[in-house]
Amino acid sequence: MTLDCADAVALAAFYEAATGLVPAAGSGEDFAGLTFPDGFFLGFQPVPDYQAPKWPGQEQPQQAH
């Protein structure tokens, strides 16, 4: 699963600290990811002019892939 965000490195670092997950190989400024023990991959992808979703509205585009 990949989440859109403003800063992939910062968001991956936050989740790494919060969960203890392992950074994925190939993570960098353009894409960062974490790997779960069972092999599940959680990626973070920076998007220009990212705007966080505002629940429950649907005005913002898809942010999870």
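## Strands and sheet

Strand β3 (residues 32-35) pairs with strand β4 (residues 41-46) in the antiparallel sense, over four bridges, where strands are DSSP runs of E with at least two residues, helices are runs of H or I with at least four, and both are numbered from the N terminus. Two strands are said to pair if DSSP finds at least two bridges between them. Within this pairing, G33 stands opposite G43 in β4.

## Basis of the model

This is a predicted model, in which local features need pLDDT of at least 70 and side-chain atom pairs count only at pLDDT 80 or more, while totals for chains, interfaces and linings use all residues. Residues are numbered from 1 along each chain as its sequence is written, and side-chain values use heavy atoms, with hydrogens and water left out.

## Helix α1

Helix α1 (residues 8-19) has twelve residues and reaches 16 Å from its first C-alpha to its last, close to the 16 Å expected at 1.5 Å a residue, the expected span being 1.5 Å times one less than the number of residues. The helix is followed by G20, whose phi is positive, near 80°.

## Residue Y15

Y15 lies in helix α1 and counts as partly exposed at 31% relative accessibility, a class between buried (under 20% relative accessible area) and exposed (over 50%), for a 1.4 Å probe and protein chains only. Leaving aside residues up to four places away in sequence, Y15 touches G20, L34 and F44, contact meaning heavy atoms within 4.5 Å.
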